[in-house]
Amino acid sequence: MSRKLPFKEKKVVQGLLVLLTLVVVLLSLIGDKGVVQLSRIQEQESQLKTELEALRREKLEWAGKLASLRHNSTYLETLARERLGMIAKDEFILLAPQEALPPLAQVLGEATSDAAQ
């Protein structure tokens, strides 16, 4: 009762099986849940973990600055001096007379003419 397939039909069946196998392999590689997509997701996960770690370090740095602002008056005073130009009550600022300083345009003009020569 077993029927033998002719040579031509065997080749057609084998060709169809090879083609079907190739389609399955290609779909597993490039499909929605394929190896390529999995690789992209793993790379994205790695990047996000790196970014998360950097944000955690930044959070710790800001927490340290906040604690310094709350508990360290010297740090607060230093920031006020550097960023806002503030001075203490018992300090004063010495200003040079305006005629002692040459105009900025003149200074810049001399610097550019010296560089050109």
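Reader: How many helices and strands does the secondary structure of the protein come to?
Author: In this predicted model, the elements read along the sequence follow the pattern α-α-α-α. The secondary structure comes to zero strands and four helices.

Reader: What share of the 117 residues in the protein is buried?
Author: A residue counts as buried when its relative accessible area is under 20%. Of the 117 residues in the protein, the buried ones make up 3%.

Reader: Are α2 and α3 roughly parallel or roughly perpendicular to each other?
Author: Helix α2 covers residues 35–71 and helix α3 covers residues 73–84. They pack with their axes 6 Å apart, at an angle of about 100°. Angles of 65 to 115 degrees count as roughly perpendicular. The two helices, α2 and α3, are therefore roughly perpendicular.

Reader: Which residues of α3 make the contact with α2?
Author: On the α2 side, the contact is made by K65, S68, L69 and H71. By class, the contact has four nonpolar, three polar and one charged residues. The α3 side consists of S73, Y75, L76 and L79.

Reader: How far does α3 reach from its first C-alpha to its last?
Author: α3 has 12 residues. At 1.5 Å a residue, the expected reach is 16 Å, and the model is close to that. From first C-alpha to last, α3 reaches 16 Å.

Reader: Which residue caps the N-terminal end of α3?
Author: The cap involves the backbone nitrogen of T74, with a side-chain oxygen 3.1 Å away. That oxygen belongs to the capping residue, N72.

Reader: Which residue takes a positive phi just after α3?
Author: The phi in question is about 70°. The residue that takes it, just after α3, is G85.

Conventions
Residues numbered from 1 in each chain as written. Predicted model: local features only at pLDDT ≥ 70, side-chain atom pairs only at ≥ 80, totals over all residues. Heavy atoms only, no water. Axes fitted to C-alpha atoms, helices over the stretch in contact; angles between N-to-C directions. Parallel < 35°, antiparallel > 145°, perpendicular 65-115°, else oblique. Contact = heavy atoms within 4.5 Å. Nonpolar A, V, L, I, M, F, W, Y, C, P; charged D, E, K, R; others polar. Expected span 1.5 Å × (residues − 1). Polar contact = N/O pair within 3.5 Å; in protein donor to acceptor, adjacent residues only side chain to side chain. Buried < 20%, exposed > 50% of the residue type's maximum accessible area, 1.4 Å probe, protein only.
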